[in-house]
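Colleague: I would like to learn how to read a model like this one. Can we go through it step by step?

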Amino acid sequence: MENKSKYSACTSIIIGKKASIDGTIMIGRNEDAKASWPKHFVIRQRNEIINHFKSNDNDFEMDLPTTSARYTATPEWTDKFGVFEEAGINEFNVAMSATESAYSNVRVLAADPLVSTGITEEAMVTVVLPFISSAREGVKRLGEIIETHGTNESNGILFADDNEAWYLETAGGHYWVAQRIPDDSYAVVANQLSIQEIDFNDSEQFMFHADIKDFVDNNNLNPNPNSFNFRKIFGTNDASDSVYNTPRVWYGHRLFSPNGVSDESPESSELPFIIKPSRLLSVEDAQTYLSSHFQGTPYDPIGTGSEKEKHKYRPISLAKTQESHILQMNRIPANLHWLSLGVSAQSVYVPFYAGITDTPIRYQRGKQQYDSDSEYWNYKLAGVLIDAHLHQFSKPLADLQTSINIKMREMLKKADLGLPTRNNEQGAYFTEKSAEIAQYSSSRYQEFIKQVITESTDLSLLNFKTDANL
């Protein structure tokens with residue numbers, strides 16, 4: 001059995017409530033690590049998390065509170081290398097997505113090395129999300145864990161509730177900062193430390209390790225002592241950033257703020273972390289971004305650019321995406337965990353009410369080898385078949401995605417209107433309606449797979465135009 005990559009190379013988006021078309025707050029991320037590595041979607045029930053955690057990924061362990069909240073989660077198909085629950089919404093309507101992998105520079109790591117037994121991505125959701133009742137509380141809890149136990153990675157972590165969204169970044173073995181995303185703004189992040197100027201006097205907008213300024217001063221880490229730019233003090237800025245990371249941020253700005261970023265370059269090291277959109281953004285916009293691969297530019301790997309241009313930058317949606325999610329908060333009448341299994345460009349985002357009590361059984365199945373009873377493999381198979389004949393099937397796939405998205409939203413609107421007023425009836429209702437929507441999308445993809453297989457039988461290279469008289 002092959003181990004999962006040590007780091008996942010993800011892309012994230014955060015949208016404030018006054019930057020969205022419907023007043024919702026959204027945090028979303030592609031989980032990118034390995035092309036064939038199934039994810040499950042489950043409910044961790046109240047008090048299911050035991051009061052001591054020990055990692056299968058490294059020797060990190062810690063005691064936990066004796067009571068835990070119910071939450072949605074997307075763990076690995078195996079916990080041999082760690083649980084990697086990645087994202088979820090708990091019963092107190094707090095959302096968390098962890099993590100966006102990043103890197104600290106050598107000066108920082110020399111002064112505060114990563115801790116081999118420190119917390120890593122695989123554990124963060126499990127030891128934080130069940131025990132918090134607000135996004136701000138999540139930042140505080142994770143920050144204290146990093147300070148106490150250290151971390152073995154540099155990461156970005158997304159939090160949201162019905163009032164605000166936060167982005168927390170770790171650097172070195174013990175240091176961290178977090179910034180509240182302004183309500184009228186958004187941020188896109190791609191495997192870099194991204195937070196810029198820190199205002200240590202504004203506790204409403206920033207949280208941080210109490211000793212971070214002294215650490216920086218004592219180790220001569222700040223290249224510009226007149227300011228405190230977290231990205232420039234702790235982050236990296238090398239050739240891999242300009243080719244692998246910043247183009248994805250540039251593309252998000254190009255999509256959502258074209259009026260204000262016309263002079264931005266895909267390889268710029270000065271792209272802003274916080275930015276205002278040129279228009280109000282919808283959940284469909286967030287899904288479009290996380291499903292994108294530089295469409296409309298020469299850098300699209302399946303576009304019309306030159307071979308050099310098409311492979312110049314790392315796309316946002318790619319074969320190594322295991323799942324993509326958007327956690328939509330402050331939504332009336334209920335929050336949603338949107339989940340796209342497999343490659344988001346070839347899949348669809350299925351909405352699940354945050355208050356569900358169970359997930360469809362197909363979402364709980366799937367190992368590393370293909371399984372027709374697994375929802376992950378259902379969406380993954382469609383992508384694999386389409387990849388073999390992109391020219392023939394890209395348009396039918398796009399038509400299928402549009403049709404499914406329209407119908408799912410119709411079903412969701414109807415379900416919203418029928419929501420029971422009694423709280424004790426809502427869990428079963430959320431579970432039933434979410435399952436119906438998921439089943440609709442699943443069955444449509446299964447029918448599409450049959451169509452693609454059937455039509456592909458005549459697309460072999462071992463073919464020849466046969467004389468009709470023979």
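Colleague: Let me begin with one residue. Where is the place of Leu390?

Modeller: This is a predicted model, so keep that in mind throughout. Leu390 sits in helix α10, which covers residues 390-417.

Colleague: Is Leu390 buried, partly exposed or exposed?

Modeller: Look at the relative accessible area. Buried means under 20% and exposed means over 50%. Leu390 has 28%, so Leu390 is partly exposed.

Colleague: Now the sheets. In what order do the strands of the sheet with β7 and β13 stand?

Modeller: Read across the sheet, strand by strand. The order is β7-β8-β9-β10-β11-β13. These six strands form an open sheet, and the pairing is antiparallel.

Colleague: Why is one side of β7 and of β13 left without a neighbour in the sheet?

Modeller: Both stand at the edges. β7 (87-89) and β13 (206-208) each have a single partner strand, so one side of each has no neighbour in the sheet. The sheet also twists, by an average of 15 degrees from one strand to the next.

Colleague: How many bridges join β9 to β10?

Modeller: Five bridges join them. β9 spans residues 154-160, β10 spans residues 165-171, and the two run antiparallel. Gly156 has Glu169 in β10 as its bridge partner. Leu158 stands opposite Tyr167 in β10. A hairpin of four residues links β9 to β10.

Colleague: Which residues point each way from β10?

Modeller: Ala165, Tyr167, Glu169 and Ala171 point one way. Trp166, Leu168 and Thr170 point the other way. Seven of the seven residues of β10 are buried.

Colleague: Which strands does helix α2 touch?

Modeller: Helix α2 (residues 121-128) packs on the sheet and touches β7, β8 and β9. Its direction makes about 160 degrees with that of β8. Helix α3 (residues 135-149) lies across β9, β10, β11 and β13. Helix α3 runs at about 10 degrees to β10.

Colleague: How should I describe two packed helices?

Modeller: Give the angle between their axes and the distance between the axes. The axes of α2 and α3 come within 11 Å and cross at roughly 130 degrees. The two helices are therefore oblique to each other. Their crossing is right-handed.

Colleague: Which residues meet where α2 and α3 touch?

Modeller: From α2 come Met124, Val127 and Val128. From α3 come Gly138, Arg141, Leu142 and Ile145. By class, this contact has five nonpolar residues, one polar and one charged.

Colleague: In what order do the strands of the sheet with β12 and β16 stand?

Modeller: The order is β12-β1-β2-β14-β15-β16, six strands in an open sheet with antiparallel pairing. β12 (186-189) and β16 (350-353) stand at the edges, each with a single partner strand, so one side of each lacks a neighbour in the sheet. The twist averages 15 degrees from one strand to the next.

Colleague: How many bridges join β2 to β14?

Modeller: Eight, between β2 (residues 25-32) and β14 (residues 321-329), which run antiparallel.

Colleague: Which residue stands opposite Tyr186 in β12?

Modeller: Ile15 does. Four bridges join β1 to β12, and these strands run antiparallel. Tyr186 and Val188 point one way from β12, Ala187 and Val189 the other way, and all are buried. Helix α6 (residues 239-256) lies across β1 and β12, at about 150 degrees to β12.

Conventions. Residues are numbered from 1 along each chain as its sequence is written. This is a predicted model: local features need pLDDT of at least 70, side-chain atom pairs count only at pLDDT 80 or more; totals for chains, interfaces and linings use all residues. Side-chain values use heavy atoms; hydrogens and water are left out. Two strands pair if DSSP finds at least two bridges between them. Axes are lines fitted to C-alpha atoms, for helices over the stretch in contact, and angles run from 0 to 180 degrees between N-to-C directions. Contact means heavy atoms within 4.5 Å. Buried means under 20% relative accessible area, exposed over 50%, partly exposed in between (1.4 Å probe, protein chains only). Angles under 35 degrees count as roughly parallel, over 145 as roughly antiparallel, 65 to 115 as roughly perpendicular and the rest as oblique. A crossing is left-handed if the near helix is turned anticlockwise from the far one by less than a right angle, and right-handed if clockwise. Ala, Val, Leu, Ile, Met, Phe, Trp, Tyr, Cys and Pro count as nonpolar, Asp, Glu, Lys and Arg as charged, and the others, Gly among them, as polar.
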